[in-house]
Amino acid sequence: MKHIGIDACKAGWVVWSWQQDEVQLEVVTELSQITEQLRDAHSLIDIPIGFSDTKTPDRLCDKAARKYLTKTRGASVFPVPCREAAYAESYPQACEINFELCGRKLSKQAWYILPKVREVDALLNFYPELYLRESHPEVVFATLNGAPLEHSKKSIEGQHQRLDLLARYLPQHIDKLKHQVATTQKSKVAPDDLIDAFALMLCALHSDLLSSFPENEDKDPQGRTREIVYWQP
């Protein structure tokens, strides 16, 4: 069984996988390139799965994660639009649809990531049997640390803090992560993308022990589970 952590990046997707205590990094342009790997793996991904809707205009998992992360890191969990807005043809149209159905417009951050959201949505439409669950690196690091991290993941201080936390749990592989952070072309993959995907891989290793926001199951109108999972050591 493989355990995989995935994060979006400029080049496509960062994919860290663990199998029999061997860790491997791949950078792929599309998730369809690793479909066979995902079939035989427990995988966590930092991308919204399941949309907001009229009855739940702000996903329960996002509200709970923001509350947990407090003002320190809560802003990193942005509101997810409804499905109709996610498939709109333009940003103004998406804002109009989401305002009509959910009472709010979209942030530009949400709009720019929607192609990735749609890619994952399509993947799960074709392969509903995949064990692919949504996680959020800031929630993961907060649980590893016992509190939300003080420094941004974009800062050198923040990256060192996150690497130190990961070294506690996968000390035999932390040098490989550090090497990739130092040598990977930043115009294609940012250091925080590498670190975040690695953290999700760590959580996937404990897939039988994961907790989630919210505690009770929540599904969108199409039956997609809305959750943010994490590992509490």
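This is a short tour of a predicted model, from the whole chain down to single residues. Residue numbers start from 1 along each chain as its sequence is written, and side-chain values use heavy atoms, with hydrogens and water left out. Because the model is predicted, local features need pLDDT of at least 70 and side-chain atom pairs count only at pLDDT 80 or more, while totals for chains, interfaces and linings use all residues.

**Whole chain**

Start with the cartoon of the protein, which shows nine helices and seven strands; these are DSSP runs numbered from the N terminus, helices being H or I of at least four residues and strands E of at least two. The radius of gyration is 17 Å, close to the 17 Å of the globule rule for 233 residues, so the protein is as compact as a globular protein of that length. That radius is taken over C-alpha atoms, and the rule is 2.2 Å times the number of residues to the power 0.38. Along the principal axes, the C-alpha trace spans about 50 × 40 × 35 Å.

Switch to a surface. Of the 233 residues, 53% count as buried, that is, under 20% relative accessible area; exposed is over 50% and partly exposed in between, with a 1.4 Å probe and protein chains only.

**Helix H9**

Select residues 191–204, helix H9. At 1.5 Å a residue its 14 residues should span 20 Å, and the end C-alpha atoms are 20 Å apart, which agrees; the expected span is 1.5 Å times one less than the number of residues. How many residues of H9 are buried? The count is 14 of its 14 residues.

**A cis peptide bond**

Go next to Phe213 and Pro214, which are joined by a cis peptide bond with omega of about -10 degrees. Pro214 is in the loop between strand S6 (210–213) and strand S7 (228–231).

**Two positive phi values**

Select Asp21, in the loop between strand S2 (12–19) and strand S3 (22–28). Its phi is near 65 degrees, a positive value in a residue other than glycine. Asp21 is partly exposed, with a relative accessible area of 35%.

Finish at Thr70, found in helix H2 (residues 60–73). Phi of Thr70 is near 60 degrees, again positive in a residue other than glycine. The relative accessible area of Thr70 is 39%, which makes this residue partly exposed.
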